[in-house]
2 protein chains.
Amino acid sequence: VVLGIGDDVAVLRYGDRDYLLATCDSQVEDIHFRRDRILPAQLGRRIAAINLSDIAAMGGVPRWALVSLAVPEDLEVSYLEELYVGLGKELQDWGAAVVGGNLSRHERQVVIDLSLLGTVPREHLVCRDGAGEGDLIVVTGSLGDSRAGLALLSEPRARVSRESAGQVIERHLTPRARVREGQLLGQSGRVHAMVDVSDGCWGDLMHICRRSGVGAELWLDTLPVSAACREVATAVGADPGRWALGGGEDYELLFTVAANRCSDVVGLLAAECGTSCTVIGRVTGLDTGVQILTGKGGRRLELPASMGWDHFLTGASAGT
Amino acid sequence: VVLGIGDDVAVLRYGDRDYLLATCDSQVEDIHFRRDRILPAQLGRRIAAINLSDIAAMGGVPRWALVSLAVPEDLEVSYLEELYVGLGKELQDWGAAVVGGNLSRHERQVVIDLSLLGTVPREHLVCRDGAGEGDLIVVTGSLGDSRAGLALLSEPRARVSRESAGQVIERHLTPRARVREGQLLGQSGRVHAMVDVSDGCWGDLMHICRRSGVGAELWLDTLPVSAACREVATAVGADPGRWALGGGEDYELLFTVAANRCSDVVGLLAAECGTSCTVIGRVTGLDTGVQILTGKGGRRLELPASMGWDHFLTGASAGT
């Protein structure tokens, strides 16, 4: 065991060239999703993506999945079939496949647990513990879309354009993992620490800081927020900056890189994947935690610690 | 993927010398266990043993476990701690350890899903598909104890000796996987097909027959039933033979071996583990299914097909 409990992914020494990666994540009905708000095929894609994202954040190649399902006795067989189809497709896009699992009865709820195994060449592994003072903090894509999608599902009468609604709801129900980007970042040898944005960028950056023994500042006005997210936030009277900071479930990659290597890495993802990246802060000295500044060189904001996404406390997710 | 969906364990090609084994199994409250009838430490040991048994049936070495827990918000932290201690101890006995997992909220029930990875030297792997006509069918230990334990938990006022009650309840709540026996059987190179007895020896033998494309006969009067199991069956007015045949959750190993190698193999387990084995039938020609005879050379019994243990239909288990 190279890396055990504490990270989202276990890193295991097995074979001579690679590490074996193992992760698992669940979706519990009425906690993580509502059955009337997500199609079974979407749910399958979602649980796959959540696990794929964990492997992506280590720079890994997803390979084998075990699916454990507990379902009510009266659930239609077609529901399970569609769920499996969605799950299989999402995995297949990255060369992975379901290799086993089990099915059991549950009184009322659908509970899905997926375990995903992957591999990574030893020299390409990226963990959370390598961030160094002066590193820039970079995030792929945009933040807050998933939270905006959740808001729209809860307030379907909010007045937003169909296009924006479609975009944020899709980001929420069927996120895509940044698998290719994660692999490129691992291969680049330039990334010091990486995590996927599942708890919200503030909370996930905290994981990097704790593991690396460093502090960080986040520049609020730099957070990449899509026009669709802003439109939804305006319609429901919410703050898109807060969604970007603490909304969670964006499944973007958040990583740190030495300042003088940053443009190389950002250029690599743009060229190879067409994926935009944004510098959203920097790593500071010891033990300051993650401070939120209004912007680079700006004033410090005081925000409640509870703004980070804690599944166990808040539990809100796909459609709930 | 050497062996995927369909067996309890996926067999994966990875590295040069070994196969990687991956399995997962769940315990759902009120389906597989009742929280008032099993201590958290016992539940932890139980979920570990169920998965260990799957690895044992391939001749494998258990190594790394991922645990996925969904629990009600008001569950005491001590419950989780004790569950982890039990889980960890049971794994540790076989050199395995929890390397990761996740915790989420559930409205009311405790749901545990364990994924267990193991390895097996390629030449020691035993699957379900190698049974050949004329093989003897052998089972370790005794059958029906777990079902007797379940009966006693449901009828606590049944009059049986404290010793027998303790024995069968322990077999039910905290079964032990035959890990060492499975490894020895794999190393022996003599075992043609193997499965662990989770669904009942009839149902599990059916799995071997289907996979191997053979039929089998089971000799009812040879099934190893403990004195404690007989005592409980008498007390509650049940047939211990039926428990042995279809009760399930015994986690013994059921395997087939050429008739002229049988005594070597049985002697090996006796000498190395002190584990007794019993010949309970033989493999026959094609497509007969599993026939139950009163005994070797005896008359054929007609039993309802539903006597096999089907978790999805009957779902009865630890304390339910």
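A salt bridge is counted here when a side-chain nitrogen of Lys or Arg lies within 4 Å of a carboxyl oxygen of Asp or Glu. By that criterion, A:D145, A:R171, A:R178, A:E181, A:D250 and A:E252 are linked in a network of salt bridges, and the structure holds 30 salt bridges over all chains.

This is a predicted model, in which local features need pLDDT of at least 70 and side-chain atom pairs count only at pLDDT 80 or more, while totals for chains, interfaces and linings use all residues. Residues are numbered from 1 along each chain as its sequence is written, chains are lettered from A and ligands numbered from 1 in the order in which they are written, and side-chain values use heavy atoms, with hydrogens and water left out.

One of the salt bridges joins A:R45 to A:E90, with the closest N and O atoms 2.9 Å apart. The pair links distant parts of the chain, since A:R45 belongs to helix α1 (residues 40-56) of chain A and A:E90 to helix α2 (residues 77-92) of chain A, 45 residues apart; helices (H or I, at least four residues) and strands (E, at least two) are DSSP runs, numbered from the N terminus. A:E90 is buried, with a relative accessible area of 2%, whereas A:R45 counts as partly exposed at 27%; buried means under 20% relative accessible area, exposed over 50%, and partly exposed in between (1.4 Å probe, protein chains only).

In chain B, the side chains of B:E217 and B:R282 meet in a salt bridge at 3.5 Å, N to O. B:E217 lies in strand β8 (residues 215-219) of chain B and B:R282 in strand β10 (residues 277-284) of chain B, so the pair ties together parts that are 65 residues apart in sequence. B:E217 is buried, with a relative accessible area of 12%, while B:R282 is partly exposed at 35%.

Returning to chain A, A:Y251 is placed in the loop between α8 (240-246) and β9 (253-257), and A:Y251 is buried, with a relative accessible area of 3%. Leaving aside neighbours within four places in sequence, A:Y251 is in contact with A:I50, A:S53, A:P175, A:R176, A:R178, A:D196, A:V197 and A:S198, where contact means heavy atoms within 4.5 Å.

Chain A also has an open sheet of seven strands in the order β7-β9-β6-β10-β8-β11-β12, with mixed pairing; two strands pair if DSSP finds at least two bridges between them. The edge strands, each pairing on one side only, are β7 (191-196) and β12 (300-301) of chain A. Strand β11 (residues 290-293) of chain A is joined to β12(A) by two bridges, and the two run antiparallel, with A:I292 standing opposite A:L301 in β12(A).

Finally, the interface of chain A and chain B takes 47 residues from chain A and 47 residues from chain B. The area buried between them is about 4,000 Å², of which carbon and sulfur atoms give 62%; buried area is the accessible area (1.4 Å probe) that two parts lose on being put together, summed over both. On the side of chain A that touches chain B, the elements giving two or more residues are β1 (10-13), β2 (18-28), β3 (61-71), β4 (97-105) and β5 (111-121) of chain A, and the largest share, nine residues, comes from β2(A). The count between chain A and chain B is zero salt bridges.
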